[in-house]
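The sequence and the model are shown first.

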Amino acid sequence: MASSSSAKQSNNKLRILLVPFFASSHIAPYADFAVRLAAARPGAVEPTVAVTPANVPVVRSALERHGAAASGLVKVATYPFPRVDGLAPGVENLSTAGDDAWRIDAAALNEALTRPAQDCRRRFSGSGAPTPSVIGPFSLLVMRLLDGTVRDGGSESQVVVVPGLPGPEIQIPVTELPEFLTRPANADDTRNLARAALSRCHGVAVNACQDIEQHYCEMYVRTGSLKRGYFVGPVSLPLPLAAAGTGGESPCIEWLGSKPRCSVVYVCFGTYAAISDAQLRELALGLEASGKPFLWAVRADGWAPPDGWAERVGERGMLVRGWAPQTAILAHPAMGAFLTHCGSSSILEAAAAGVPMLTWPLVFDQFIEERLVTDVLKIGERVWNGRRSTRYEEREVVPAEAVARAVARFLEPGGTGEAARGRARELAAKAHAAVAEGGSSYRDLRRLIDDLIEARAAAGGTTSTPVAPEKMGGSSDGV
């Protein structure tokens with residue numbers, strides 16, 4: 001009898017399959033989201049994150065941040081990465097693809113390559129599924145409002161004003177817009193396909209916090225013909241089930257423990273955007289000249305700092321190759337500022353930690369997200385005001401002097417960074433309250449689960465719910 005009851009309970013579980021895009025900056029938030037789904041309804045929800053074999057360690061690392069119990073809450077499934085000409089075996093992530101990253105992006109957009117393997121893993125249709133997004137509502141809304149406003153690619157000097165946006169006026173040079181916004185749409189354009197897919201979805205779950213981006217959350221759902229919107233972030237915040245001190249064994253955290261409160265600038269440019277060796281050299285020299293302690297996560301195979309740099313910097317700086325425990329770093333009391341590429345997840349993690357930002361966007365929506373930091377929330381400043389572009393070949397090299405000046409000014413006592421820090425800490429309190437019991441993200445997460453259970457019942461009791469990738473304009477738009 002007990003065995004029969006147990007089997008019945010297992011069959012009644014809401015099984016949710018999450019299929020992230022091939023990038024660590026998407027896979028990790030999906031894993032965080034899976035943990036929150038499982039913890040929201042213990043025993044009633046069974047999330048599975050499906051990735052290709054080489055991306056399994058990214059999922060495992062993300063789960064470990066939530067404590068040992070998280071691995072038991074979330075399943076990890078694999079499906080084969082499609083065969084792509086020009087990619088070596090085992091290269092399945094934008095952060096490891098180097099100059100061939102475009103091949104991974106192209107493969108992700110080619111459903112003839114990816115759909116068969118993903119459908120085999122799903123074992124059910126993807127229509128009607130909720131689509132999670134790791135890009136925030138502010139950027140999604142701005143891109144929607146600007147779509148079709150730039151004619152014939154615009155001119156290099158053209159600056160567009162985002163029409164109909166609540167809050168302060170947002171102006172963006174055409175050179176800083178995602179490229180899909182500056183080329184004409186056509187019937188086969190992936191943005192049109194994305195809109196059609198969204199209109200069929202049960203809804204969109206976004207790694208965002210209504211208490212931080214409320215007006216943009218509401219307008220994004222209202223203007224996008226979306227059936228439902230669920231704002232469930234920040235998903236990176238640790239759950240009560242996480243053991244105290246998780247990640248404390250990292251050398252990064254030990255090094256931070258030797259530094260004064262609010263004294264260190266953390267430097268990280270995400271998982272895949274390309275940065276030239278010349279720019280890395282200027283950044284290294286600028287951090288050295290700033291005189292401030294820094295922790296720099298570098299993802300650039302084969303690059304080495306200038307001769308004698310490490311000896312001159314000494315214990316004032318720490319260089320980390322590859323992955324760094326970002327959420328634990330940002331939460332450390334020694335953290336004074338985050339020099340960031342303005343990826344949506346990074347911005348939300350910094351805001352949730354109460355850390356102000358120095359902004360240095362590189363690609364796609366990051367220049368739009370920068371405006372959320374600097375113009376709307378006012379929790380950061382630009383590093384550089386010279387020529388900037390979403391196109392790698394059009395960027396100016398930011399000189400070491402500019403880096404040193406920006407870092408030193410932002411971290412000096414009583415400076416602009418201190419005022420930004422005060423506002424960031426107010427946002428951190430809102431973010432923590434949102435995910436706590438009764439908060440807006442807490443309620444939306446449970447509403448999402450309840451709606452899925454209701455939809456399952458209406459569909460005749462199917463136990464599996466797919467959460468499928470979404471793509472727009474040749475780059476990741478909330479997978």
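Two residues are in contact when heavy atoms of theirs lie within 4.5 Å. The model discussed here is predicted.

## Overall organisation

The chain contains 19 helices and 17 strands. Of its 479 residues, 55% count as buried. Among contacts between residues at least 6 apart in sequence, 72% join residues at least 24 apart.

In soluble globular proteins, nonpolar side chains tend to be buried together. Here the largest nonpolar core has 97 residues, and the members that touch the most others are Tyr266, Leu295 and Trp296. Helix α8, residues 137–146, supplies the largest share of this core, with seven residues. A separate core of 31 residues lies apart from it and includes Ile27, Ala31, Phe33 and Ala34.

Which residues does leucine 295 touch, not counting those up to four places away in sequence? The list comprises Cys252, Trp255, Leu256, Val264, Val265, Tyr266, Val267, Met318, Val320 and Ile329.

Valine 35 belongs to helix α2, which covers residues 24–40. Its relative accessibility is 0%, and therefore valine 35 counts as buried, the limit for that class being under 20%. Beyond its neighbours within four places in sequence, valine 35 is in contact with Leu63, His66, Ala70, Val74 and Leu239. The C-alpha atom of valine 35 is separated by 8.5 Å from that of serine 71, although the two residues are 36 apart along the chain.

Alanine 38 is also found in helix α2. Alanine 38 is buried because its relative accessible area is 3%, and that class requires a value under 20%. With neighbours within four places set aside, the contacts of alanine 38 are Val45, Pro47 and Leu73. Alanine 38 and alanine 70 are 32 residues apart in sequence, with a C-alpha to C-alpha distance of 8.7 Å.

Glycine 67 is placed in the loop between α3 (56–64) and α4 (68–73). Is glycine 67 buried or exposed? Its relative accessibility is 5%, so glycine 67 counts as buried.

Helix α6 spans residues 101–109, and its buried residues are Ala101, Ile104, Asp105, Ala107 and Ala108. Viewed down the axis of α6, these buried residues fall within an arc of 160°, which means that they line one face of the helix.

The model has four cavities of 30 Å³ or more. The largest cavity holds about 100 Å³ of space. Its lining consists of Gly136, Asn207, Ala208, Ile212, Glu213, Ser344, Ile347, Leu348, Ala351, Glu369, Leu372 and Leu377.

The elements giving two or more residues to this lining are α10 (210–223), α15 (344–353) and α16 (366–376). Helix α15 gives the most, with four residues. By residue class, the lining of the largest cavity divides into seven nonpolar, three polar and two charged.

## Backbone geometry

Most residues other than glycine have a negative phi, and most peptide bonds are trans.

The peptide bond from glycine 233 to proline 234 is cis, with omega near 0°. Proline 234 lies in the loop between β8 (229–231) and α11 (251–256). Cysteine 342, although not a glycine, has a positive phi of about 70°. Cysteine 342 is located in the loop between β12 (335–340) and α15, and it counts as buried because its relative accessibility is 0%. Lysine 378 likewise is not a glycine and has a positive phi, of about 55°. The loop between α16 and β14 (380–382) contains lysine 378. At 44% relative accessibility, lysine 378 counts as partly exposed, since that class runs between the 20% and 50% limits.

Note on methods: Residues numbered from 1 in each chain as written. Predicted model: local features only at pLDDT ≥ 70, side-chain atom pairs only at ≥ 80, totals over all residues. Heavy atoms only, no water. Core = buried A, V, L, I, M, F, W, Y, C linked by side-chain atoms within 4.5 Å. Buried < 20%, exposed > 50% of the residue type's maximum accessible area, 1.4 Å probe, protein only. Arc of directions from axis to C-beta. 1 Å grid on protein atoms, 1.4 Å probe; cavity = no way out; pocket = protein on both sides within 12 Å on 5 of 7 lines; lining within 4 Å. Points joined across faces, edges and corners; volume = space filled by probe spheres on them. Nonpolar A, V, L, I, M, F, W, Y, C, P; charged D, E, K, R; others polar.
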